[in-house]
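Dear colleague,

I am passing on the structure that we spoke about, and my notes on it follow below. Please read them with the model open beside you.

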Amino acid sequence: MSEALRGVVVSHSAVAQALVSAVAAITGIEGALVPVSNEGCDNDALGERLLQAVGPRPAVLFVDLPGGSCLTNSIRYAKQHADIAVVTGVNLAMLLDFVFHRDLAPADAARRAVDSGAKAIRVTAA
Amino acid sequence: MSIALYRIDDRLIHGQVVVGWGQPLDCTFIVLVDDEVRSSDWEQDLYRMGVPPSIEIIFASVDEAAERLPAWEADARVGILLVPDIDTAAALAGRSDRVKRLNVGGIHHRAGRTERLRFVYLSDDERAKLRQLAAAGVEVTAQDVPTARAVPLAEFA
């Protein structure tokens, strides 16, 4: 990859902004992730927000839920643009891993994100 | 129980519909009335992804919906009927006298529309069409989620 991947976090309300802020606070890395909220958007408006957020770069779209307007519009966007992968169930752990591994192809980065995000979900001892 | 909710929502199937309304209504089928989606297998696959397996999705054109509404109304299950815009709602109400009430659940900002409620933006033409529906006997209210107040048409259009 000649250009580092961009991560776009797509969510309801302010979840995306909060996750992006948390990643920057923990890692000090700015600009690797862009938040997109569906607040106040119909499908066309959310598509336009995605277009502005992704720009002319390969990207992984990290969506909050495995359904709903954030997902349907992210998949619609990926269908219409090259080098875009979509991951659902975004969490902080997968984003922290992603910002340090942006030299991968979008599909590979997406698989890696799913692995790292899933490993962070566990029941801990009391 | 039949169709418990006739809803105008420009996002169609999304969280407020599936979770916000679907859970308390115990909805087990959603009718999505949209000529464009009805003619696109790919768009239908996209909307199916947003719904748990326990909920059936039925895609219908306006003409098909008008024809099948009596059967859906007689269904023992609880259903939600979605249309993407006021024109589709008016077209369906014009073809079927089964549409007695309309929930305006989400019409977002676009050029030419002004804010009427936080989740409802309308052009003058759209306001007039909603008033025409009400004059024809359809109860029109705006309510994004079940826990919110159902706002009467006179307060937003």
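Leaving aside residues up to four places away in sequence, Ala32(A) touches Gly7(A), Val99(A) and Arg102(A). Please keep in mind throughout that this is a predicted model. Ala32(A) sits in the loop between α1 and β2 of chain A, and its C-alpha atom is separated by 5.5 Å from that of Arg6(A), although the two residues are 26 apart along the chain. Since a residue needs 20 or more other C-beta atoms within 10 Å to be called buried, Ala32(A), which has 18, counts as partly exposed.

**The strands that follow from there**

Strand β2 of chain A, residues 33–37, has four of its five residues buried, and therefore it is largely enclosed by the rest of the structure. Strand β1 of chain A (residues 6–11) pairs with β2(A) in the parallel sense, over five bridges, and within β2(A) it is Val34(A) that stands opposite Val8(A). Together with helix α1 of chain A (residues 15–27), β1(A) and β2(A) make a right-handed β-α-β unit.

**Where the chains meet**

Between the two chains, 14 residues of chain A are in contact with twelve residues of chain B. On the side of chain A that touches chain B, α2 (43–54) and α3 (69–80) of chain A each supply at least two residues, and α3(A) gives the most, with five. Sorted by class, that side of chain A has seven polar, five nonpolar and two charged residues.

With best wishes

Technical notes:
Residues are numbered from 1 along each chain as its sequence is written. Chains are lettered from A and ligands numbered from 1 in the order in which they are written. This is a predicted model: local features need pLDDT of at least 70, side-chain atom pairs count only at pLDDT 80 or more; totals for chains, interfaces and linings use all residues. Two residues are in contact if their C-beta atoms, placed from the backbone, lie within 7 Å. Ala, Val, Leu, Ile, Met, Phe, Trp, Tyr, Cys and Pro count as nonpolar, Asp, Glu, Lys and Arg as charged, and the others, Gly among them, as polar. A residue is buried if 20 or more other C-beta atoms lie within 10 Å of its own, exposed if 12 or fewer, and partly exposed in between; C-beta atoms are placed from the backbone. Two strands pair if DSSP finds at least two bridges between them. A crossover is right-handed if, with the strands pointing away from the viewer, the path from the first strand over the helix to the second runs clockwise.
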